[in-house]
Amino acid sequence: YDEIDHSRDVRAGHDIVARVAAHIEDQQIRNRGTIGGNCCLSDPTNNLPPLLVALDATMNIRSAGGSRQVAAEDFFKGYFLTALEPGELLTSITIPPLRSGVGAGYVSVAVAADSKAIVRAAVRVEVKGVIVEARVVLARVASVPVRHRGMEDALRGAPPTAESVRAAAATIGDEVEPISDSHGSSQYRREMARVVAQRAVLEAIAEGGGK
Ligand SMILES: Cc1cc2nc3c(=O)[nH]c(=O)nc-3n(C[C@H](O)[C@H](O)[C@H](O)COP(=O)(O)OP(=O)(O)OC[C@H]3O[C@@H](n4cnc5c(N)ncnc54)[C@H](O)[C@@H]3O)c2cc1C
């Protein structure tokens, strides 16, 4: 994670990936942890999987038998479970460039600063006068990062304003069924999912230029 944080190429192309890597746990973890391990572990609390789904990344996989590609959206299969088959290695991850007018956002409610998230949202939004495309990914509301199609549909065609983003976030309802634990009830997590999704979309709109 530390190499990602300090990579000029990552900072230039996908600053948000470096920013997220820079806040994974503490410096000792960042000295050792890798983006591949972060994904292959498929721990639902890990920081990078929802971001890679939001950015529409492709996971490049190799084995003795050949190579294949899996969309990040299809890579995470469950708690500590991925699409990797025995004998396969994740060798690289391809993230499409963020075109002009496209921004990304990432907001968490965490147990403590730089620690495990209670709920988080990672998004990618394209604005051309109105919001033309949105990928809204929620994490910690299920065993894997999930896209919220209802909010994505509500954003598409809407003006890039706080009011319309708030209205779109209100589509996050009872179909989202997070677990309850000592850090927060299911209902609290669902309410916070609306808050982080809204903030992440506004962050993405601002980052993309908002016009
Ligand atoms: C105290 C603590 C707190 C943490 N907090 C956070 C946190 O808040 N957020 C967060 O995101 N992470 C957190 N982590 C997890 C950590 O950041 C690492 O992502 C995770 O442990 C994976 O580490 P690694 O990259 O060394 O992979 P490894 O531990 O080496 O690998 C993890 C698994 O993936 C497999 N694997 C690794 N690379 C590949 C590959 N290229 N192809 C196929 N399989 C592969 C390994 O065989 C293993 O099964 C925390 C870890 C610790 C110990």
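View 1. A nitrogen atom of the ligand lies 2.9 Å from an N or O atom in the side chain of Asn 46. The model is predicted: local features need pLDDT of at least 70, side-chain atom pairs count only at pLDDT 80 or more, and totals for chains, interfaces and linings use all residues. Residues are numbered from 1 along each chain as its sequence is written, and side-chain values use heavy atoms, with hydrogens and water left out. The side chain of Asn 47 also has an N or O atom 2.6 Å from a nitrogen atom of the ligand. At Thr 34, the ligand atom is an oxygen, 2.7 Å from an N or O atom of the side chain. A polar contact here is a pair of N or O atoms within 3.5 Å; within protein, one must be able to donate a hydrogen and the other to accept it, and residues adjacent in sequence count only if both atoms are side-chain atoms.

**View 2. The shell around the ligand.** How many residues surround the ligand? There are 19, and the closest are Tyr 1, Thr 34, Asn 38, Asn 47 and Leu 90. A residue is near a molecule if one of its heavy atoms lies within 4 Å of it. By class, the shell has eight nonpolar, eight polar and three charged residues. Ala, Val, Leu, Ile, Met, Phe, Trp, Tyr, Cys and Pro count as nonpolar, Asp, Glu, Lys and Arg as charged, and the others, Gly among them, as polar.

**View 3. Ligand cover and the elements behind it.** A nitrogen of the ligand sits 2.6 Å from a side-chain N or O atom of Asn 47. On its own, the ligand has 970 Å² of accessible area, and the protein covers 60% of it. Accessible areas come from the Shrake-Rupley method with a 1.4 Å probe; for residues, only the protein chains shown count as cover. The elements giving two or more residues to the shell are α4 (27-32), α5 (35-41) and β5 (89-94). Of the elements, α5 gives the most, with five residues. Helices (H or I, at least four residues) and strands (E, at least two) are DSSP runs, numbered from the N terminus.

View 4. A search of the whole structure finds zero disulfides. A disulfide is a pair of cysteine sulfur atoms within 2.5 Å. Cys 39 is buried, at a relative accessible area of 0%. Cys 40 is partly exposed, at 27%. Buried means under 20% relative accessible area, exposed over 50%, and partly exposed in between (1.4 Å probe, protein chains only).

**View 5. The salt bridge between Arg 135 and Glu 73.** The whole structure holds 18 salt bridges. Each is a side-chain nitrogen of Lys or Arg within 4 Å of a carboxyl oxygen of Asp or Glu. Arg 135 and Glu 73 form one of them, at 3.4 Å, N to O. This pair links distant parts of the chain, 62 residues apart: Arg 135 is in strand β8 (residues 130-139), Glu 73 in helix α7 (residues 72-75). Arg 135 counts as buried, at 8% relative accessibility. Glu 73 is partly exposed, at 28%.

View 6. Glu 133 meets Arg 156 in a salt bridge of 3.3 Å, N to O. Glu 133 lies in strand β8 and Arg 156 in the loop between α8 (149-155) and α9 (162-169), so the pair ties together parts 23 residues apart in sequence. Glu 133 is partly exposed, at 30%. Arg 156 is partly exposed too, at 34%. Glu 152 also forms a salt bridge with Arg 156, the closest N and O atoms being 4.0 Å apart. Glu 152 is buried, at 1%. Salt bridges that share partners join Asp 56, Glu 73, Glu 133, Arg 135, Arg 147, Arg 149, Glu 152, Asp 153 and Arg 156 into one network.

View 7. Asp 56 is not a glycine, yet its phi is positive, about 60°. Asp 56 lies in the loop between α6 (48-54) and β1 (58-63). Asp 56 is partly exposed, at 30% relative accessibility. Arg 140, also a residue other than glycine, has a positive phi near 75°. The loop between β8 and β9 (146-147) holds Arg 140. Is Arg 140 buried or exposed? At 12% relative accessibility, Arg 140 counts as buried.
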